[in-house]
Amino acid sequence: QVELLESGGGLVQAGDSLRLSCAASGSTFNPFAVGWFRQAPGKERKFVAALRYRTGDEYYSDSVKGRFTISSDNVKNTVYLQMNNLRPEDTALYYCAIQPEVGNPYDHWGQGTQVTVSS
């Protein structure tokens, strides 16, 4: 059973950077994809970025494209989200999740890490 642990959130000012980490523990970690999602207070959870773990293909929402970068350290079973030029509208609880195989839904959600960007 894979467990995910997010870390790296915090309180920053607009224009600052943060790097979130999603560390996977448990059995052999080789999912089809790992995704980052975020949920702002009172709003639905939204897709931020995804990494096809086996190929390295990256996908981003339009709102973060050019500012955020998803990457992985396969030795450490960790996926990162480098967030640059943060904006107040990036404030949210950020989650990572696994898509085990193509066509499967995302599951194995972490507990989230809070990112707060002040103006």
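## Briefing: contacts, cross-links and sheet

Beyond its neighbours within four places in sequence, Ala-24 touches Val-2, Glu-3, Leu-4, Phe-29 and Asn-77. The model is predicted. A search of the whole structure turns up one disulfide and four salt bridges. Six strands make up an open sheet with mixed pairing.

**Around Ala-24**

- Ala-24 sits in strand β3, which covers residues 18–25.
- Its relative accessible area is 12%. Ala-24 is therefore buried, as the cut-off for that class is under 20%.
- Val-102 is 78 residues from Ala-24 along the chain, and the two C-alpha atoms are separated by 19 Å.

**The disulfide**

- Cys-22 is joined to Cys-96, with an S to S distance of 2.1 Å.
- Cys-22 belongs to strand β3 and Cys-96 to strand β9, so the pair ties together parts that are 74 residues apart in sequence.
- The torsion about the S-S bond of Cys-22 and Cys-96 is about 75 degrees, so this disulfide is right-handed.
- Cys-22 and Cys-96 are both buried.
- A disulfide is a covalent bond between the sulfur atoms of two cysteines.

**Salt bridges that share Asp-90**

- Asp-90 pairs with Arg-38 in a salt bridge, and their closest N and O atoms are 2.9 Å apart.
- Asp-90 lies in the loop between β8 (78–83) and β9 (92–99), while Arg-38 is in strand β4 (residues 33–39), so this bridge ties together parts 52 residues apart in sequence.
- Arg-38 is buried, and so is Asp-90.
- Arg-67 also forms a salt bridge with Asp-90; here the closest N and O atoms are 2.8 Å apart.
- That pair links distant parts of the chain, 23 residues apart: Arg-67 is in the loop between β6 and β7 (68–73), and Asp-90 is in the loop between β8 and β9.
- Arg-67 is buried along with Asp-90.
- Through shared partners, salt bridges join Arg-38, Arg-67 and Asp-90 into one network.

**The Arg-54 to Glu-101 salt bridge**

- Arg-54 forms a salt bridge with Glu-101, and the closest N and O atoms are 2.8 Å apart.
- The pair links distant parts of the chain, 47 residues apart. Arg-54 is in the loop between β5 (46–52) and β6 (58–60), and Glu-101 is in the loop between β9 and β10 (113–118).
- Arg-54 is partly exposed, with a relative accessible area of 40%.
- Glu-101 is partly exposed too, at a relative accessible area of 38%.

**The six-stranded sheet**

- The strand order is β2-β10-β9-β4-β5-β6, and the sheet is open.
- β2 (10–13) and β6 are the edge strands; each pairs on one side only.
- Neighbouring strands of this sheet are turned by 20 degrees against each other on average, direction ignored.
- β5 and β6 run antiparallel and are joined by three bridges.
- Ala-50 has Tyr-59 in β6 as its bridge partner.
- Strands of a sheet pair through backbone hydrogen bonds, either parallel or antiparallel.

Note on methods:
Residues numbered from 1 in each chain as written. Predicted model: local features only at pLDDT ≥ 70, side-chain atom pairs only at ≥ 80, totals over all residues. Heavy atoms only, no water. Salt bridge = Lys/Arg side-chain N within 4 Å of Asp/Glu carboxyl O. Helix = DSSP H or I, 4+ residues; strand = E, 2+ residues; numbered from the N terminus. Buried < 20%, exposed > 50% of the residue type's maximum accessible area, 1.4 Å probe, protein only. Pairing = 2+ DSSP bridges. Axes fitted to C-alpha atoms, helices over the stretch in contact; angles between N-to-C directions. Contact = heavy atoms within 4.5 Å. Disulfide = S-S within 2.5 Å.
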